[in-house]
Amino acid sequence: MTSSGIKLITGLGNPGMKYDKTRHNAGFWFVDELARRYGGTFKTESRFSGECCKVDIAGMPVWLLKPTTFMNRSGLSAKQLMSFFKFSPTDVLIAHDELDIAPGALRLKFGGGHGGHNGLRDLHAQLGADYWRLRIGIGHPGDRNKVVDYVLSRPTQNEEIEIMRSIDLACDEIERIVQGDMQIVMNTLHSK
């Protein structure tokens, strides 16, 4: 699947200091780093049920969004902003934590299932499955009964270093992502 470009980048996470440093907020970490690099300042927008800002990436206006609805209602926030600006799901990149990938690894993909991820499940319900995803590896606890506590806890120091390194790599590729050069980015990120 090629892309005509990305107009909205939504990071998934849970709002509030309690969740700020947890693995489940890796998507927030990604959009926070993009805002830092591109001079954006998040502001609460109640009409979009989130915090958002508009930045210029590769000469194109791009919205960054952090839903304040909690993870299991992330789709509402994305849909509200998309409807207002008349974006299609193919204009959207969702950045989220991924249990099935080791810390430090990334995958860029289009479409697919939600894999039990509550944020993606709600996005599927609101938008369908045809959007781009940046899957940020956080690793798996090894026991499915421990997943909830695992994603809602802070990564180890070494895991956090690896996750932040992967976020830096993704940010380094963001201009090509925004321009729609997805295959080049996949070749680069998937080989790391």
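**Notebook: a look through the predicted model**

Residues are numbered from 1 along each chain as its sequence is written, and side-chain values use heavy atoms, with hydrogens and water left out.

**Fold**

I boxed the C-alpha atoms along the principal axes and got roughly 40 × 35 × 30 Å. I found 7 helices and 7 strands, in the order β-α-β-β-β-α-β-β-α-β-α-α-α-α along the sequence. Here helices (H or I, at least four residues) and strands (E, at least two) are DSSP runs, numbered from the N terminus. Buried residues come to 52% of the 192; buried means under 20% relative accessible area, exposed over 50%, partly exposed in between, with a 1.4 Å probe and protein chains only. Of the contacts between residues at least 6 apart in sequence, 68% join residues at least 24 apart, a contact being heavy atoms within 4.5 Å.

**Largest pocket**

Next I looked up the largest pocket, which holds about 540 Å³ of space. On a 1 Å grid over the protein atoms alone, a pocket is an open set of points where a 1.4 Å probe fits, with protein on both sides within 12 Å along at least five of seven lines; lining residues have an atom within 4 Å of a point. The volume is the space filled by probe spheres set on the points, which are joined across faces, edges and corners.

I listed 26 lining residues, with His24, Leu99, Gly116, His117 and Asn118 nearest the centre. Strand 5 (92-98), helix 3 (118-127), strand 7 and helix 4 (147-151) each give at least two residues to the lining. By class I have 9 nonpolar, 11 polar and 6 charged. Ala, Val, Leu, Ile, Met, Phe, Trp, Tyr, Cys and Pro count as nonpolar, Asp, Glu, Lys and Arg as charged, and the others, Gly among them, as polar.

Asp97 sits in strand 5 and is buried, at 2% relative accessible area. Leaving out residues up to four places away in sequence, Asp97 touches Arg23, His24, Ala26, Met71, His117, Ile136, Ile138 and Val151. Asp97 and Ile138 are 41 residues apart in sequence but 6.1 Å apart, C-alpha to C-alpha.

I also checked Cys171, which is in helix 5 and counts as buried at 2% relative accessibility. With the neighbours up to four places away left out, Cys171 touches Phe30, Glu33, Leu34 and Arg37.

**Helix 7**

In helix 7 (residues 182-190) I marked Met182, Val185, Met186 and Leu189 as buried. Down the helix axis these fall within an arc of 100 degrees, so they line one face of helix 7. The arc is that of the directions from the helix axis to the C-beta atoms. Their cover includes strand 6 (106-110), strand 7 (132-137), helix 5 (157-172) and helix 6 (174-179).

**Positive phi**

Most residues other than glycine have a negative phi, and I noted two exceptions. Ser49 has phi near 50 degrees; Ser49 is in the loop between strand 2 (43-45) and strand 3 (50-57) and is buried at 15%. Lys86 has phi near 60 degrees; Lys86 is in the loop between helix 2 (74-85) and strand 5 and is exposed at 72%.

Notes:
This is a predicted model: local features need pLDDT of at least 70, side-chain atom pairs count only at pLDDT 80 or more; totals for chains, interfaces and linings use all residues.
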